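Reader: I have a model open and want to go through its packing. Can you walk me through it?

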Amino acid sequence: VILVPDDQLPVELPKDIDFKISGNPLENHPTWKHTTCPETGMKAVRETDTLDTFVDSAWYFIRFCSPNNELAPFSNEEIEYWMPVDQYVGGVEHAILHLLYSRFFTKALKLPKISEPFNSLFTQGMVCHPTFQTVDGEWVYPDEVSNHDGKFEHSISKKVVNMGPSESMSKSKKNIVDPESIVKTFGADAARWFMLSDSPPERDINWSDSGINGAFKFCQRIWQLIANHKELLSEDLDKYNITEKGRKLITFVHFNLNEITKSIESFQMNVAVAKIYEIVNEITKFKPSDVGDKKCLQESLNILIRIIQPMVPHLAEECWSILGNNKTLSHVSWPEVNEDLLVRKNITLIIQINGKKRGELEINVNSNEEEVINKALSLKNISDFTQGKTIRRKIYIPGKILNLVI
């Protein structure tokens, strides 16, 4: 291996290459790689593997700023507008490989006013699945394993299979699930919902059949909920006043909308998903008595369709379209939280006796400790426990709990 002499640089690449042939086009070129050694005059072959793959991935985000520029890789004007990237999301291996090269390229290129490629990094967890090995050590795919009362068998070779621990999915250990079959069976939205709901995004998740089944059923539940109220959602109810019963529902929805918005912004997608479960449960239980109730239910369902979009975009768009909306949800703004509804006048206080919950008390948020204790002692359940007993301590945490030690 020798260097090309300086007087032969630059080595120009051939124009007549064929990208239809798989593999390295320089390696496949009939003449370009064949040359003569300048030192010995013997036949020589040029190095055809000229760029590491990380060279491409180390600056693609810069090219994204000027995708239609045919004269240069990028323009300074567009770089100044788009760069640096606000948020980078990637697996843990990216921190030592891709990001390292990206920082080097960005600094070496001396981009205008840009010293770092990414403002913020969020490292996501891995998707894990149990591993399966035959008795002679061969890795096998999960869908090739049959379970006979806790004994595993390779469905092709009929060999006994041992199940190993749940590890990050990898092709080498074959503990992978085919995304195409998942999408074909359950849909992409169900897969997204399961992965987002299972655990915080920075932690690993364990893929399971029961998990994807549960996610699929919940997607069906949302679809059924919207379909059942299709006529209600198309009614014009703006002129009607909301009822006290309806206000409780809409207050609950806006309270959780506020929590969901904050959770998404802080990458706590699993928390947002949990709040959506609560909203769906509350809406399902709600039975409108009059037009004012219907107005609150209508607003709650409209909010539900919009807040599921980041998790299940296909389902959200389909629900939105059956309501007769011409514009897609991407043209509709995120629902605004009604701050007035977040101001709580009454709260539910937990009453404990010797650390065990014995009752609940609805009180005004401005109630003082003495008032709370007197109301708590007037509750039948509490008075039954305290009658004839000495209350030795009263532990009051405002807005949360009252514990009576007897």
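Predicted model: local features only at pLDDT ≥ 70, side-chain atom pairs only at ≥ 80, totals over all residues.

Reader: Rings, then. How many aromatic pairs does the structure hold?

Author: There are 13 aromatic pairs. Take Tyr60 and Phe61 as one of them. Their ring centres are 5.5 Å apart and their planes meet at 80 degrees, so the pair is edge-to-face.

Reader: Is Phe61 buried or exposed?

Author: Phe61 is buried, at a relative accessible area of 5%. Tyr60 is partly exposed, at 31% relative accessibility.

Reader: Which cluster do ring pairs link Tyr60 into?

Author: The cluster holds Tyr60, Phe61, Phe64, Tyr88 and Phe118, linked by ring pairs.

Reader: I'd like a stacked example too. What is the geometry of Phe122 and Phe267?

Author: That aromatic pair is stacked, at 4.4 Å centre to centre with 10 degrees between the planes. Phe122 is in strand 4 (residues 121-124), while Phe267 is in the loop between helix 10 (244-265) and helix 11 (269-285), so the pair ties together parts 145 residues apart in sequence.

Reader: And burial for those two?

Author: Phe122 counts as buried, at 16% relative accessibility. Phe267 counts as partly exposed, at 25%.

Reader: What about charges over rings? Where does the charged end of Arg46 sit?

Author: The charged end of Arg46 sits over the ring of Trp32, 5.7 Å from its centre. Lys245 is another case: it lies over the face of Phe286, 5.4 Å from the ring centre.

Reader: How does strand 5 pair with strand 8?

Author: In the antiparallel sense, over 6 bridges between strand 5 and strand 8 (residues 160-168). Cys128 stands opposite Ser168 in strand 8. Pro130 stands opposite Ser166, and Phe132 stands opposite Met163.

Reader: And how many bridges join strand 5 to strand 9?

Author: Strand 5 (residues 127-134) is joined to strand 9 (residues 205-206) by 2 bridges, and the two run parallel. Val127 stands opposite Ile205 there.

Reader: What does Thr131 touch?

Author: Leaving out residues up to four places away in sequence, Thr131 touches Trp139, Asn162, Met163, Gly164, Pro165, Glu167, Lys173 and Asn175.

Reader: Helices now. How far does helix 8 reach from its first C-alpha to its last?

Author: Helix 8 (residues 209-228) reaches 28 Å over 20 residues. That is close to the 28 Å expected at 1.5 Å a residue.

Reader: Which residues of helix 8 are buried?

Author: They are Gly211, Ile212, Ala215, Phe218, Cys219, Ile222, Leu225 and Ile226. Seen down the axis of helix 8, these buried residues fall within an arc of 145 degrees, so they line one face of the helix.

Reader: Why would spaced-out residues point the same way?

Author: An α-helix has 3.6 residues a turn, so residues three or four places apart point the same way.

Reader: Which residues are exposed on the other side of helix 8?

Author: Asp209, Ser210, Lys217 and Asn228 are exposed there.

Reader: And what covers the buried residues of helix 8?

Author: The cover includes helix 6 (179-186), helix 7 (188-198), helix 9 (230-234), helix 11, helix 12 (291-307) and helix 13 (313-322).

Reader: Last one. Which residues are buried in helix 7?

Author: Asp189, Ala190, Ala191, Trp193 and Phe194 are buried in helix 7. The buried residues of helix 7 pack against helix 6, strand 9, helix 8, helix 11 and helix 13.

Terms used. Residues numbered from 1 in each chain as written. Heavy atoms only, no water. Phe/Tyr/Trp six-rings, centres within 6.5 Å; stacked < 30°, edge-to-face > 60°. Buried < 20%, exposed > 50% of the residue type's maximum accessible area, 1.4 Å probe, protein only. Helix = DSSP H or I, 4+ residues; strand = E, 2+ residues; numbered from the N terminus. Lys NZ or Arg CZ within 6 Å of the ring centre and 35° of its normal. Pairing = 2+ DSSP bridges. Expected span 1.5 Å × (residues − 1). Arc of directions from axis to C-beta. Contact = heavy atoms within 4.5 Å.
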